[in-house]
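This briefing is for a reader who is seeing the structure for the first time. Please look over the sequence and the model below before reading on.

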Amino acid sequence: AAEETHGEHADWTKVESAGTLTGGNCYLDKQIGGELVIQGKVTLCLNGQKLEGSGNHSVITVYTGASLTLCDCRKNVSNNVGGTVYHTGVITGGNAINGGGICVQSDASLTMTGGAMAKNEATGSTGSGGGIWSAGTVTLSGDCIVESNKASYGRGLFASSGSVVTISDGHFGREDSIYGHEDSAIEITGGSFEGELNEEYLSPGHIAVKDPDNGYVVCKRGGAVTFTPGETSTFTYDGSEVEFTATASNNAAVSYRFSDAEDG
């Protein structure tokens, strides 16, 4: 869906101001200031535009029983948010106790496949979910971006009790942590993270490795590391030279150290 082209958005509803969306396929035609409330089954294409909150509420609230699919089919744009340029639509300027960018209420759902969530805040000593706060279901995939948000707990995303979160792709900034209540369920099967990744959220069979090109932590499907004869590394052990190569299945990155201690 992140790569999908909606053409001229024929038969889609144009969103020209803040307010309530009750259903259907909608798109932004220009930059909008204010907040959106979702009260139905809605697909919203950011269309490369900026949705900027007033600074007093969540930019988007998905009400109980509602669902929002958030995407962006337009990439040839430049949105400047606090000195950072995004070549996609951006949700920014939100400020709320729970969910500065998007607040997903209980029995509601958010599917995000594109666009950026940046410069939102969850304020107060218990402020949770600078980018996204959820008591419902959240699915992040595609080329969505969550970064530069602020909160006391979960700058990027906070999963409240009973929430189910699945992350299969996307990018999280250095400070945009993922945090979940002990009664939530968070499963990460993909994506890149500039900061550390809490490995307790990794789906079974997946590992967190650093991308050698940019240093980001990447979630990949894991596999056994195999040592085979080769010329990649040569070490001296007990007076003899030892050669081996370390590889891992599914193209996971491998790093290793050599010790001359018997228990090393």
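Arginine 155 is partly exposed, because its relative accessibility is 32% and that value lies between the limits of 20% and 50%. The model is a predicted one.

**Salt bridge of arginine 155**

- Arginine 155 forms a salt bridge with glutamate 175, and their closest N and O atoms are 3.8 Å apart.
- Arginine 155 sits in the loop between β21 (150-151) and β22 (157-159), while glutamate 175 sits in the loop between β24 (171-172) and β25 (178-180), so the pair ties together parts that are 20 residues apart in sequence.
- Glutamate 175 is also partly exposed, with a relative accessible area of 47%.

**Other salt bridges**

- The count of salt bridges in the model comes to three.
- Side chains of opposite charge can pair when their charged atoms come close.
- Lysine 14 forms a salt bridge with aspartate 29, with 3.7 Å between the closest N and O atoms.
- Lysine 14 is partly exposed at 39% relative accessibility, and aspartate 29 is partly exposed at 37%.
- Aspartate 143 forms a salt bridge with lysine 75, and the closest N and O atoms of this pair are 3.6 Å apart.
- Aspartate 143 lies in the loop between β19 (137-140) and β20 (145-147), and lysine 75 lies in the loop between β9 (67-71) and β10 (79-81), so the pair ties together parts that are 68 residues apart in sequence.
- Aspartate 143 has a relative accessible area of 31% and is partly exposed; lysine 75, at 30% relative accessibility, also counts as partly exposed.

**The open sheet**

- Eight strands make up an open sheet with parallel pairing, in the order β1-β3-β6-β9-β15-β19-β23-β26.
- Its edge strands are β1 (13-15) and β26 (185-188), each of which pairs on one side only.
- From one strand to the next, the twist averages 15°.
- Strands of a sheet pair through backbone hydrogen bonds, either parallel or antiparallel.
- Valine 15 has leucine 28 of β3 as its bridge partner.

**Strand β19 and the strands beside it**

- Strand β19 pairs in the parallel sense with β15 (residues 109-112) over four bridges.
- Leucine 140 in β19 stands opposite methionine 112.
- Strand β19 is also joined by four bridges to β23 (residues 164-167), and these two strands run parallel.
- Valine 138 has valine 165 in β23 as its bridge partner.
- In a regular strand the side chains alternate between the two faces of the sheet.
- In β19, Val138 and Leu140 form the covered face, while Thr137 and Thr139 form the uncovered one.

**The largest pocket**

- The largest pocket holds about 150 Å³ of space.
- Its lining consists of 14 residues, and those nearest its centre are Asp176, Ser177, Ile178, Glu196 and Leu197.
- By type, the lining of the largest pocket divides into five nonpolar, four polar and five charged residues.

**Single residues in loops**

- Asparagine 120 is in the loop between β16 (116-118) and β17 (121-122).
- Asparagine 120 is buried, because its relative accessible area is 0% and the limit for buried is under 20%.
- The C-alpha atoms of asparagine 120 and serine 58 are separated by 8.5 Å, although the two residues are 62 residues apart along the chain.
- Most residues other than glycine have a negative phi.
- Aspartate 107 is not a glycine, yet has a positive phi of about 60°.
- Aspartate 107 is found in the loop between β14 (102-104) and β15, and is exposed, with a relative accessible area of 65%.
- Serine 148 is not a glycine either and has a positive phi of about 60°.
- Serine 148 lies in the loop between β20 and β21, where it counts as partly exposed at 34% relative accessibility.

How values were computed. Residues numbered from 1 in each chain as written. Predicted model: local features only at pLDDT ≥ 70, side-chain atom pairs only at ≥ 80, totals over all residues. Heavy atoms only, no water. Pairing = 2+ DSSP bridges. Axes fitted to C-alpha atoms, helices over the stretch in contact; angles between N-to-C directions. Salt bridge = Lys/Arg side-chain N within 4 Å of Asp/Glu carboxyl O. Buried < 20%, exposed > 50% of the residue type's maximum accessible area, 1.4 Å probe, protein only. 1 Å grid on protein atoms, 1.4 Å probe; cavity = no way out; pocket = protein on both sides within 12 Å on 5 of 7 lines; lining within 4 Å. Points joined across faces, edges and corners; volume = space filled by probe spheres on them. Nonpolar A, V, L, I, M, F, W, Y, C, P; charged D, E, K, R; others polar.
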